[in-house]
Amino acid sequence: MPDRLTPLLRPGGALVVLAVIAVFPLVFTNPTATNFGVVTLIFVAVCSAWNLFSGFSGYLSLGHAVFYGTGAYFLVVAANDWHVSGSAVFLLLPLAGIVAAIIAVPLGLVALRVRRHTFVVITIAFFFIAQLSASNLGVTGGSSGAIVPVPGNWSPATYNNPFYYMALIIAAATVALCWQVRRSRFGLQLRAIRDDEDRAAGLGVRAMPVKLTALVISAFITGMAGALWVYFIGEAFPQFVFDPLFDLAVVLMAFFGGLGTIAGPVLGALILEPTQLWLNLQQSNEYESQILFGALFLVVILFLPRGVLPTGAEYASALRARLLRRRGDQPAVPAQADAQTQADAQAAGSAS
Amino acid sequence: MGSQIAQAIAAGILGGGVYALMAAGLTLVFGVLDIINVAQGILVVLGAYLSYVLSVHLHIDLLLGLLITVPAMFVIGVVIYWLFIRPLRGAERTSMTLLACFAVALIIEGVLYREFGSNYVSLKASYISSSVHVLGFYLPDIYLIGFALAVVAIGALYLVLYRTTFGRTIRATMQNQTAARLIGIDVNRVAALTFGIGTAVTAIGGMVYGAISGGFTPNSGYDLISRLLAIVILAGMGSIGGALVAAVFMTTAEALVDIWQPDWSVAVFYLALVIILTIRPTGLFGRRAARAQ
């Protein structure tokens with residue numbers, strides 16, 4: 001029954017979501033709302049980009065803040081040195097992405113030689129090197145921070161909107177790219193590496209170039225997003241630009257929605273980032289939201305290990321099967337219910 | 001200059017003993033459970049705060065307080081394992097356990113912030129401020145005490161691992177979990193106790209760290225865990241002896257660089273790590289080629 005509908009429904013649904021997001025700042029003009037919107041869309045982009053590498057290849061990176069921060073600092077330095085301001089700063093975003101992508105090449109060549117835990121730990125080590133460098137190098141202004149030139153003549157009422165639409169463009173392009181990659185031979189190679197790298201290599205996948213390409217693409221997007229973010233908040237301090245919580249937040253969002261899926265990271269970012277921002281507003285103390293964040297993380301890992309989308313679909317179909325079974329006692333119904341469950345599980349599987 | 005270098009080397013070796021102890025806990029847990037406990041750093045800080053509370057509020061001497069903090073940290077470790085690590089199974093277990101440990105670390109850090117704030121605190125005792133005069137330079141007593149404690153604790157760890165039946169079950173589990181299960185070892189119990197032991201050493205590590213670092217905040221956990229991870233990876237995951245060598249090597253190198261470049265001395269850790277891994281991806285004393293994913 002759903003076979004003929006779903007291929008039409010899914011792009012349709014994506015377009016509806018896109019349209020809703022596009023008109024959001026026109027309906028909710030409250031600066032707090034659009035502020036949340038900008039940061040959330042940035043996280044949609046970063047989370048999808050992270051998923052493009054880590055979710056597809058199985059190499060869990062806890063060092064994407066390196067690319068985020070590199071892009072951010074590139075923008076700060078370039079905008080100040082070249083005296084770029086206003087909307088022209090947005091033209092620097094692709095450059096920031098390229099710089100982050102260039103950084104990703106040597107990092108990837110070192111880190112991608114090892115797997116599993118060791119890879120994760122090396123990405124953490126890279127993160128700390130980056131944070132240390134940002135605090136000590138003169139270029140970044142050190143621990144006293146650096147200021148980005150403010151776009152002076154923008155109207156305060158719609159100040160957030162250019163950032164919002166810029167973030168939307170990056171996020172939508174990233175999701176579209178993920179979708180394309182997933183359908184492609186390249187995406188298949190990545191998932192083969194995730195499932196069994198040695199066997200994939202045996203079947204002729206050139207693992208290193210494939211992994212590195214995914215990392216570089218991911219770093220490019222993350223760098224752009226970081227640059228946009230720093231322009232939005234207007235100042236750069238090493239401990240915020242290179243923030244260990246950033247890495248965790250991205251990973252949590254991807255896990256929450258469903259690792260390795262297209263919609264999962266988007267959903268995770270759309271739900272969790274506004275929640276976190278809202279919690280930060282409610283609590284006067286940062287640590288309260290940190291404790292909540294950690295607890296939420298544990299709940300997701302323990303009870304929704306494969307994410308809301310896949311696990312939710314399974315719970316739903318199991319529940320439906322149980323209801324069906326309870327309703328009728330005739331022996332034919334359980335068989336039907338089981339068939340239904342299986343079909344649902346398959347649908348959930350193909351959706352993920 | 002000469003005495004400065006000698007002093008740096010002495011402090012590096014003595015301080016390395018403490019890092020070796022903390023790293024030994026980390027690498028033991030990795031060997032048995034195949035997980036990386038990224039909460040080890042904040043657990044050390046927690047151990048330091050426990051010592052702080054005991055000495056400030058209950059006026060218990062730091063060394064005496066270890067009799068309380070070590071069992072306390074052991075229990076905390078077992079509880080963390082039982083609640084958050086044990087339930088995780090399946091293909092994604094590796095990354096899941098790492099993230100679970102990270103989440104636990106965040107919660108502990110948040111709780112510490114709530115209880116103690118973000119101001120630096122330091123441990124105080126007569127043997128922290130006093131020092132002995134050796135070969136033309138001064139060494140704070142706490143370095144010697146800390147090193148002695150680390151040697152005793154690591155020695156005890158070795159005795160348990162190599163001279164007791166329980167140690168035998170741990171080593172069997174490290175070598176082959178399925179086979180260990182088949183010959184009747186309760187792997188879950190071994191894992192829980194190992195996690196407890198790996199956490200218990202942070203009580204000693206925390207006390208000494210709190211004394212020699214000059215001051216700590218809940219945020220100190222990040223600095224610690226990044227150093228500890230660098231040590232165990234450099235040594236090769238799962239190698240306790242390697243962790244000792246790597247810890248002493250790293251802290252000595254850091255102390256030496258610190259003479260000329262105090263801002264960048266921490267980078268020595270990561271640079272050494274990156275260089276070694278480009279040459280030898282399994283680390284210096286790694287047991288085997290990287291396991292299949």
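**Two chains, a few labels**

In this predicted model, nine residues of domain 1 of chain A are in contact with six residues of domain 2 of chain A.

Q: What makes a residue pair across the two domains of chain A count as in contact?
A: The C-beta atoms, placed from the backbone, have to lie within 7 Å. Nine residues of domain 1 and six of domain 2 in chain A meet that test.

Q: Which elements of chain A give two or more residues to the side of domain 1 that touches domain 2?
A: Those are α11 (244–257) and α12 (263–282) of chain A. For orientation, domain 1 of chain A is 14–275 and domain 2 is 306–352.

Q: What kinds of residues make up the side of domain 1 of chain A that touches domain 2?
A: In chain A, that side of domain 1 has five nonpolar and four polar residues, and no charged ones.

Q: What makes a residue of chain B count as buried, and what percentage do?
A: A buried residue has 20 or more other C-beta atoms within 10 Å of its own. In chain B, 51% of the 293 residues pass.

Q: How many helices and strands does chain B have?
A: Chain B has twelve helices and two strands, in the order α-α-α-α-α-β-β-α-α-α-α-α-α-α.

Terms used:
Residues are numbered from 1 along each chain as its sequence is written. Chains are lettered from A and ligands numbered from 1 in the order in which they are written. This is a predicted model: local features need pLDDT of at least 70, side-chain atom pairs count only at pLDDT 80 or more; totals for chains, interfaces and linings use all residues. Helices (H or I, at least four residues) and strands (E, at least two) are DSSP runs, numbered from the N terminus. A residue is buried if 20 or more other C-beta atoms lie within 10 Å of its own, exposed if 12 or fewer, and partly exposed in between; C-beta atoms are placed from the backbone. Domain bounds come from an automatic or database domain assignment. Ala, Val, Leu, Ile, Met, Phe, Trp, Tyr, Cys and Pro count as nonpolar, Asp, Glu, Lys and Arg as charged, and the others, Gly among them, as polar.
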